[in-house]
Amino acid sequence: MCSSDLVAQVSQRSNLAAGLPKLAAAIGRQTAVRPEFYIELGQGWLGVRKPTNAIAAFQEAVKREPDSPVAVLNLADALTEAGQPDRAMPLLQRALLKTDGEPLLCYQLGIAASAAGKDTEAMAAFGKCIALDPEFAEPRNLLAGVLAATGDLEIGRASGRERV
């Protein structure tokens, strides 16, 4: 099976258990691999709940394209899922400095900060995400959850209902 067939198999989540090792081996045999292949591989590993394998794939994507918000976002997600949100946060903060405010990067930063127990940073990240994209509902819900967990139940309820 050629690499593009393997990428399709993994991206379509078709028989991941067999396709992921084959795609990893095919990528390993290539000399110049685009970051997108590593991103697909990493997303496949996340799909089978192997965040450590996903981290390695996403690190390769970031190595090939360090300024890619997509690669950084995926690496941060895998790090957070692997219980390493403190490693994800600086990656996201650097990526945010290089963009004009990408809502998904703010959202992932909020998730990582919350997972790391850094409520103030989580609230700031979710707040910025909401300001950048008021229609993005999930950061509003997560902000309300963080506010409620910190004991600010009224503001937590209001954050979950109101638009910024």
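Start by selecting helix H6 (residues 85-98) and helix H7 (residues 103-115), whose axes come within 9 Å and cross at roughly 155°. An axis here is a line fitted to C-alpha atoms, for helices over the stretch in contact, and angles run from 0 to 180 degrees between N-to-C directions. H6 and H7 are therefore roughly antiparallel to each other. Angles over 145 degrees count as roughly antiparallel, under 35 as roughly parallel, 65 to 115 as roughly perpendicular and the rest as oblique. The helices themselves are DSSP runs (H or I, at least four residues), numbered from the N terminus, while strands are E runs of at least two.

This is a predicted model, in which local features need pLDDT of at least 70 and side-chain atom pairs count only at pLDDT 80 or more, while totals for chains, interfaces and linings use all residues. Residues are numbered from 1 along each chain as its sequence is written, and side-chain values use heavy atoms, with hydrogens and water left out.

Stay with this pair and look at the handedness. The crossing of H6 and H7 is left-handed, a term used if the near helix is turned anticlockwise from the far one by less than a right angle, with right-handed used if clockwise. Now show the side chains. On H6, the contact is made by Pro 85, Ala 88, Met 89, Leu 92, Gln 93, Ala 95 and Leu 96. On H7, the residues are Leu 105, Cys 106, Gln 108, Leu 109, Ala 112, Ala 113 and Ala 115. Contact means heavy atoms within 4.5 Å. By class, the contact of H6 with H7 has twelve nonpolar residues, two polar and no charged ones. Ala, Val, Leu, Ile, Met, Phe, Trp, Tyr, Cys and Pro count as nonpolar, Asp, Glu, Lys and Arg as charged, and the others, Gly among them, as polar.

From H5, the contact takes in Val 72, Leu 75, Ala 76, Leu 79 and Thr 80. From H6, it takes in Pro 85, Arg 87, Ala 88, Leu 91, Leu 92 and Ala 95. The residues of the contact of H5 with H6 divide into nine nonpolar, one polar and one charged.

Select Thr 80, which lies in helix H5 (residues 69-81). Is Thr 80 buried or exposed? Thr 80 is buried, since its relative accessible area is 14%. Buried means under 20% relative accessible area, exposed over 50%, and partly exposed in between (1.4 Å probe, protein chains only). Leaving out residues up to four places away in sequence, Thr 80 touches Pro 85, Ala 88, Gln 108, Ile 111, Ala 112 and Ala 115.

Now move to helix H3 (residues 35-47) and helix H4 (residues 51-64), which pack at an angle of about 165° with their axes 8 Å apart. H3 and H4 are therefore roughly antiparallel to each other. H3 passes H4 in a left-handed crossing. The contact residues of H3 are Pro 35, Tyr 38, Ile 39, Leu 41, Gly 42, Gln 43, Trp 45 and Leu 46. Those of H4 are Pro 51, Asn 53, Ala 54, Ala 57, Phe 58, Glu 60, Ala 61 and Arg 64. By class, the contact of H3 with H4 has eleven nonpolar, three polar and two charged residues.

- Glu 36 is found in helix H3 and is partly exposed, with a relative accessible area of 38%. Its C-alpha atom and that of Phe 58, 22 residues apart along the chain, are separated by 9.4 Å.
- Arg 64 is in helix H4 and is partly exposed, with a relative accessible area of 34%. The C-alpha atoms of Arg 64 and Arg 34, 30 residues apart along the chain, are separated by 7.3 Å.
- Arg 49 is found in the loop between H3 and H4 and is exposed, with a relative accessible area of 72%. Phi of Arg 49 is near 60°, a positive value in a residue other than glycine. Most residues other than glycine have a negative phi.

Finally, show the whole chain. The protein has ten helices and zero strands. Of its 164 residues, 40% count as buried.
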